[in-house]
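Subject: Structure handover

Hello,

Here is the structure I promised you. Please open it and keep it beside this email while you read.

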Amino acid sequence: MATRDSTDNPRRRIVEAAVELLENGGPDAVSTRAVAAAAGMQPPAIYRIFGDKEGLLEAVAEHGYAQFLERKRAQLDPAPQHPVEDLRRGWDVVVEFGVSRPELFAVMNRATGPGSDTAHRSGLEILQGRVRRLAAGGWLRVDEDLAAQIIRATGQGAVATWHSTPADRRNPALLTVLRESMVAAVTRAEPALPAAESGPAAAARALRAALPDVSDVLSDAEQCLLREWLTRLAADGGAPRA
């Protein structure tokens, strides 16, 4: 149903109508004729505004990303007291969105337009910031890039598995188990201090996470070189080379 704000905005009215049809009837329900009727407009308006059905679906994906990012930003804490709990909350937001809005989530994942790509990168920046805070606090047990990949893969996998399972066999415990498996894979039970007993890898990860804060001390070239060294240390713990 169109919102009050969309009544004088044909583009938004059409997108909201398409989203409603998509979520109630699946992709087959989103025909240009059905969308136009639901929006109270003529089919040519869709072609004039969006070019074709694919252009409309790209706009639907952008609309979904806007709602998704709004939800992620609403629970974002730039300086969480408990970074691991913050990781859990962030993972839950992604999975809950995918589980509760499967058709929209699927369209978002298939989108390739510039607007969706920009929104997707914004979501990744939120994730990378969360991972960076974990690394800076000594919580990460793996490299930042690998941690981000594990977090994304388990979230996407949780949503896909949930929807591929018959409704009468879905068990909410699956989502909790997958989340806790992800947490165990990327974080330590206790933060590692940059001391001898934790080894150089943890210290390298923590220092590398803090690099954005030293731009007033080191030049870009110096930061690049230091990041390369720290990445190698974080990967192999500074093991001696043969």
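Start with the rings. Phe68, Phe97 and Phe105 form one aromatic cluster. Rings of Phe, Tyr and Trp (its six-membered ring) count as a pair if their centres lie within 6.5 Å. By that rule there are 2 aromatic pairs. Take phenylalanine 97 and phenylalanine 105: their ring centres are 6.4 Å apart and their planes meet at 55°, so this pair is tilted. Planes under 30 degrees apart would be stacked, those over 60 edge-to-face, and the rest are tilted.

Before going on, some ground rules. This is a predicted model, in which local features need pLDDT of at least 70 and side-chain atom pairs count only at pLDDT 80 or more, while totals for chains, interfaces and linings use all residues. Residues are numbered from 1 along each chain as its sequence is written, and side-chain values use heavy atoms, with hydrogens and water left out.

**The chain as a whole**

The chain has 11 helices and 0 strands. Both are DSSP runs, numbered from the N terminus: helices are H or I with at least four residues, strands are E with at least two. Of the 242 residues, 38% count as buried. Contact means heavy atoms within 4.5 Å. Among contacts between residues at least 6 apart in sequence, 68% join residues at least 24 apart.

Now look for empty space. Rolling a probe the size of a water molecule over the atoms shows where such space is left. The largest pocket has a volume of about 450 Å³. It is lined by 25 residues, and the closest to its centre are Phe68, His120, Leu124, Arg152 and Gln156. Phe68 also belongs to the aromatic cluster above.

The terms need care. On a 1 Å grid over the protein atoms alone, a cavity is a set of points where a 1.4 Å probe fits but cannot get out. A pocket is an open set with protein on both sides within 12 Å along at least five of seven lines, and lining residues have an atom within 4 Å of a point. Points are joined across faces, edges and corners, and the volume is the space filled by probe spheres set on them.

By class, the lining has 13 nonpolar, 8 polar and 4 charged residues. Ala, Val, Leu, Ile, Met, Phe, Trp, Tyr, Cys and Pro count as nonpolar; Asp, Glu, Lys and Arg as charged; the others, Gly among them, as polar.

In soluble globular proteins, nonpolar side chains tend to be buried together. The largest nonpolar core here has 51 residues, and Ile14 and Leu56 have the most contacts inside it. Helix α4 gives the largest share of this core, 8 residues. Such a core is a set of buried Ala, Val, Leu, Ile, Met, Phe, Trp, Tyr and Cys residues joined through side-chain atoms within 4.5 Å. Leaving aside neighbours within four places in sequence, leucine 56 is in contact with Ile14, Ala18, Val30, Val35, Ile46 and Phe50.

- Serine 116 is in helix α7. It is buried at 2%.
- Alanine 147 lies in α8. It is buried at 1%.
- Aspartate 86 lies in α5. It is buried, with a relative accessible area of 1%.

Best wishes

Methods:
Buried < 20%, exposed > 50% of the residue type's maximum accessible area, 1.4 Å probe, protein only.
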